[in-house]
Amino acid sequence: MSWKPPVTSADRLRAKLDDEFETVAKPEGLRRTSDLRRAAESAASSGHDPDSPAPQDGGAPSSEDKPRTPPKGPSLKMRAVGYLSRREHARDELARKLAPHAEDADEVERVLDALEKEGWLSTERFAQSLVHRRASRQGAARIVQELRQHGVDDTQVSELREQLRATEYPRALEVWQKRFGAKPEDRAAYAKQARFLASRGFAHDVIRRILGAGDDD
């Protein structure tokens, strides 16, 4: 017969507590299991994932879930004023610069109309400014071509062309003197100087006056 240690009062108390704990824990575990099953079935019918965190504040999306609005840049009018503050622009030129930043063409036209009304935008003023910047280096033909490319009115272009033609010779002479300063000695030199002045937009009759008749047309 094997020897067994005597059962003490502490052992009997521990066994009693274990029995009581097991009796209480089993129903609680069964209740928790049934509750979880019902929660899972309810979540499945509502489309909510039972393993995902519960929404806060009654299910309202948090600030992290809300789409962020991209920061807005300068308004279309402010962009236009920025361009105009640096130099004069023709209406067509400014419209091309604003188009990539506008929602549609109508928005651009509204801004341009407002700028003209307020005196910020003036194609006539732009044309005068362009002539002033180009006249010391270019002939009438070159400047007139640029004015038309920027959409300047034909009537104004004609007026400016007459003004430029009236000063064509002294302006061409100054350009020629800065670049060459001496009459061409042969046909090749004549052709080189004539091509240079023609590329600047000066008229052929003015070039002949400066270089002489020559043999090269």
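User: What pattern does the protein chain follow when read along the sequence?

Analyst: In this predicted model, the protein chain reads α-α-α-α-α-α-α-α-α-α along its sequence, and the count behind that pattern is ten helices and zero strands. Buried residues account for 28% of the 217 residues in the protein chain. Of the contacts between residues at least 6 apart in sequence, 58% join residues at least 24 apart.

User: What makes H3 oblique to H4?

Analyst: The axes of helix H3 (residues 91–98) and helix H4 (residues 105–118) come within 10 Å of each other and cross at roughly 135°. An angle counts as roughly antiparallel over 145 degrees and as roughly perpendicular from 65 to 115 degrees, while the rest, once those under 35 degrees are also set aside as roughly parallel, are oblique; therefore H3 is called oblique to H4. The crossing of these two helices, H3 and H4, is right-handed.

User: Which residues are buried in H3, and what covers them?

Analyst: The buried residues in H3 are Arg91, Glu93, Leu94, Ala95 and Leu98, and their cover includes helix H2 (76–86), H4 and H5.

User: Why are H5 and H7 called roughly parallel to each other?

Analyst: H5 and helix H7 (residues 154–166) pack at an angle of about 20°, with 11 Å between their axes. Since angles under 35 degrees count as roughly parallel, H5 and H7 are therefore described as roughly parallel to each other. H5 passes H7 in a right-handed crossing. Thr123, Glu124, Ala127, Gln128 and Val131 of H5 make the contact with Gln156, Leu160 and Leu164 of H7, and the residues of that contact divide into four nonpolar, three polar and one charged.

User: How do you know that arginine 134 is buried?

Analyst: Arginine 134 lies in helix H5 (residues 123–134). Its relative accessible area is 17%, and buried means under 20%, so arginine 134 falls into the buried class. Not counting residues up to four places away in sequence, arginine 134 touches Ile143 and Glu146.

User: Why does serine 199 count as partly exposed?

Analyst: Serine 199, placed in helix H9 (residues 187–199), has a relative accessibility of 44%. The buried class lies under 20% and the exposed class over 50%, with partly exposed in between, so serine 199 counts as partly exposed. Serine 199 and alanine 141 are separated by 58 residues in sequence, while their C-alpha atoms are 9.8 Å apart in space.

User: What does UniProt list for residues 79–113 and for residues 124–159, and how much of each span is helix?

Analyst: For residues 79–113, an unreviewed UniProt entry carries the annotation "domain: RecX first three-helical"; in the model this span is 71% helix and 0% strand, with its end C-alpha atoms 15 Å apart. For residues 124–159, UniProt, again through an unreviewed entry, lists "domain: RecX second three-helical", and here the model gives 75% helix and 0% strand, with 11 Å between the end C-alpha atoms.

Note on methods
Residues are numbered from 1 along each chain as its sequence is written. This is a predicted model: local features need pLDDT of at least 70, side-chain atom pairs count only at pLDDT 80 or more; totals for chains, interfaces and linings use all residues. Side-chain values use heavy atoms; hydrogens and water are left out. Axes are lines fitted to C-alpha atoms, for helices over the stretch in contact, and angles run from 0 to 180 degrees between N-to-C directions. Helices (H or I, at least four residues) and strands (E, at least two) are DSSP runs, numbered from the N terminus. A crossing is left-handed if the near helix is turned anticlockwise from the far one by less than a right angle, and right-handed if clockwise. UniProt positions are given in the numbering used here, feature names are shortened, and annotations may be inferred rather than shown by experiment. Buried means under 20% relative accessible area, exposed over 50%, partly exposed in between (1.4 Å probe, protein chains only). Contact means heavy atoms within 4.5 Å. Ala, Val, Leu, Ile, Met, Phe, Trp, Tyr, Cys and Pro count as nonpolar, Asp, Glu, Lys and Arg as charged, and the others, Gly among them, as polar.
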